[in-house]
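This report describes selected features of helix packing, aromatic pairing and backbone geometry in one protein model.

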Amino acid sequence: MAYASALLRDPVRTYREIDLAGRTATADGPALVQLLYEELGQALRVAAWAADNRQFATRSERVTRATAILFALEANLDFEAGGSVSEALARFYTGCRRQVVDGALAQDGTPFRRVAAELDEIAQAWKQARAA
């Protein structure tokens, strides 16, 4: 019963988790990367809002999620097949993580929005490449 009551406390979060589980269950590798970019952008935008509105618990949760996604993206780079592109993405992800941590310490939403905008550019390029 504890499981059901935990889910009922935050129906929006429960819906998002179910939606995410459904989308990941049928996604191939490139689709999962695209999904990670979407989730990362969302986490960063919510972290920015939370920082600006002094919602510390929400900010902390979203920063943790964003950092975990950045680690996952970097850990799954194929340096043999990707060569210099993988190396550049690894440096980029490391820089993004640094900015996210700095933003968490600064109590300012600006760094989160800046990283989200930079990642949106890559996410759009990834989406276009998948569609081609």
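In which loop is Gln107 found? In this predicted model, Gln107 is found in the loop between helix 5 and helix 6.

Helix 5 contributes Leu89, Phe92, Cys96, Gln99, Val100, Gly103 and Ala104 to the contact, while helix 6 contributes Pro111, Phe112, Arg114, Val115, Glu118, Leu119 and Ile122. By class, the residues of this contact comprise 10 nonpolar, two polar and two charged.

Phe92, one of the contact residues of helix 5, also belongs to an aromatic pair, of which the structure holds one. The ring centres of Phe92 and Tyr93 lie 6.0 Å apart and the ring planes are at 55°, so the pair is tilted. Phe92 counts as partly exposed, at 22% relative accessibility, whereas Tyr93 is buried, with a relative accessible area of 2%.

Most residues other than glycine have a negative phi. Positive values are found at Arg54 and at Gln107. Arg54 is placed in the loop between helix 3 (29-52) and helix 4 (56-75).

| Residue | Phi | Relative accessible area | Class |
|---|---|---|---|
| Arg54 | Arg54: near 55° | Arg54: 59% | Arg54: exposed |
| Gln107 | Gln107: near 60° | Gln107: 35% | Gln107: partly exposed |

Note on methods. Residues numbered from 1 in each chain as written. Predicted model: local features only at pLDDT ≥ 70, side-chain atom pairs only at ≥ 80, totals over all residues. Heavy atoms only, no water. Contact = heavy atoms within 4.5 Å. Helix = DSSP H or I, 4+ residues; strand = E, 2+ residues; numbered from the N terminus. Nonpolar A, V, L, I, M, F, W, Y, C, P; charged D, E, K, R; others polar. Phe/Tyr/Trp six-rings, centres within 6.5 Å; stacked < 30°, edge-to-face > 60°. Buried < 20%, exposed > 50% of the residue type's maximum accessible area, 1.4 Å probe, protein only.
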